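Hi,

I'm passing a structure on to you, along with some notes on what turned up in it. Have a look at it first, then read on.

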Amino acid sequence: MRDLNIPEQRHPEKAHRPDNSQPKKPSWIRVKAPGGQGYADTRKIMRDNNLVTVCEEAGCPNVGECWSQGHATMMIMGEICTRGCTFCNIATGRPDSLDAFEPGRVAHAVEKLGLNHVVITSVDRDDLADGGAEHFAQTIRAVRHRSPGTTIEILTPDFLKCDPSVLEVVVEAKPDVFNHNLETVPGLYPEVRPGARYFHSLRLLQRVKELDPSVFTKSGIMVGLGEDGQQVRQVMDDMRAAEIDFLTIGQYLQPTPKHHGVDRFVTPEEFASYEKAAYGKGFLMVSATPLTRSSYHAGDDFARLREARRKKLEQG
């Protein structure tokens with residue numbers, strides 16, 4: 001029986017990779033250890049509903065802060081991914097079959113937590129003909145039914161090996177925000193995101209806008225993987241050409257020595273420069289800080305995103 005708590009079993013595809021040294025984190029990266037009653041309450045709701053969260057599976061540094069406020073990012077379709085990206089801490093291998101009752105359990109947890117905004121993500125499911133598109137749609141509908149006032153943000157795989165029509169299934173379920181992360185600059189894809197294609201991911205987000213212009217689109221990248229500032233700004237231009245509304249940029253943190261090494265820790269001043277540049281290129285919303293993650297402060301950011309669109313429309 002596979003034990004996902006053991007790194008060699010969690011990441012068999014990385015077991016024979018050479019170790020990368022893990023540099024000491026600077027002061028602006030360190031966070032408090034998770035704890036407190038709010039954290040415990042959120043954890044219990046997740047366990048009672050047999051739910052997986054990306055907060056835990058990806059080793060997010062913000063889990064203590066978010067869970068203490070009752071915010072958790074649901075990860076559907078299991079905890080084992082069919083891809084083996086070199087930056088990611090989610091387990092790789094052959095996933096289990098889909099759980100037909102999972103959408104209902106997610107909806108119950110959202111209602112129990114009283115969320116105004118929920119983020120739902122998933123592992124990659126290249127083993128499924130539709131990549132899990134229908135499961136995403138069912139989960140969105142289940143949450144809408146139980147919590148009609150909750151806004152829904154999804155963070156999806158790239159559906160690379162599926163018929164293009166599967167994207168319509170997800171968009172027709174009417175998420176409020178459709179997020180798909182580009183993760184890094186195109187030149188680093190062969191090493192960092194070998195199972196994906198940069199321009200496919202970009203086109204996916206562009207198609208969401210074509211299918212439903214009312215849906216907010218969002219994407220994010222990590223920095224500190226070996227990219228330079230010019231490459232980051234080119235990704236911003238590519239995203240704007242695809243009409244992406246919301247950009248997140250955060251520092252890459254290396255989960256284990258077997259994962260892609262940290263090239264450097266980007267300073268808060270550089271993040272501020274990226275944020276300024278991104279707003280100058282026309283993004284409605286930008287979050288660029290060392291600890292920014294796709295779902296970090298997602299509810300507050302959604303409110304600002306909606307307000308930014310309203311003001312833009314008023315200005316004509």
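Let's start with Glu191: this residue is partly exposed, at 34% relative accessibility. On that scale, buried means under 20% relative accessible area, exposed means over 50%, and partly exposed is in between (1.4 Å probe, protein chains only).

Before going further, some background. This is a predicted model, so local features need pLDDT of at least 70 and side-chain atom pairs count only at pLDDT 80 or more, while totals for chains, interfaces and linings use all residues. Residues are numbered from 1 along each chain as its sequence is written, and side-chain values use heavy atoms, with hydrogens and water left out.

**Salt bridges**

How many salt bridges does a search of the whole structure find? There are 20, counting a side-chain nitrogen of Lys or Arg within 4 Å of a carboxyl oxygen of Asp or Glu. As a general point, side chains of opposite charge can pair when their charged atoms come close.

Glu191 takes part in one of them, with Arg17 as partner (3.4 Å, N to O). Arg17 sits in the loop between helix H1 (7-10) and helix H2 (37-48) and Glu191 in helix H8 (residues 189-192), so this pair ties together parts that are 174 residues apart in sequence. Helices (H or I, at least four residues) and strands (E, at least two) are DSSP runs, numbered from the N terminus.

Another salt bridge joins Lys174 and Asp212, with 2.9 Å between the closest N and O atoms. Lys174 is in the loop between helix H7 (166-172) and strand E7 (177-179), and Asp212 is in the loop between helix H9 (198-211) and strand E8 (216-223), so parts 38 residues apart in sequence are tied together. Lys174 is partly exposed at 45%, whereas Asp212 is buried at 9%.

Then there's Asp245 with Lys209, whose closest N and O atoms are 2.8 Å apart. Asp245 lies in the loop between helix H10 (229-241) and strand E9 (246-251) and Lys209 in helix H9, so the pair links parts that are 36 residues apart in sequence. Both of these residues, Asp245 and Lys209, are buried.

Salt bridges also link Arg83, Asp124, Asp126 and Asp158 in a network.

**Cysteines**

The structure has 0 disulfides, a disulfide being a pair of cysteine sulfur atoms within 2.5 Å. For Cys81, the nearest cysteine sulfur is that of Cys88, 6.5 Å away. Cys85 also has the sulfur of Cys88 as its nearest, at 6.3 Å. Cys81 is buried, with a relative accessible area of 10%, and Cys85 is buried at 15%.

Cheers
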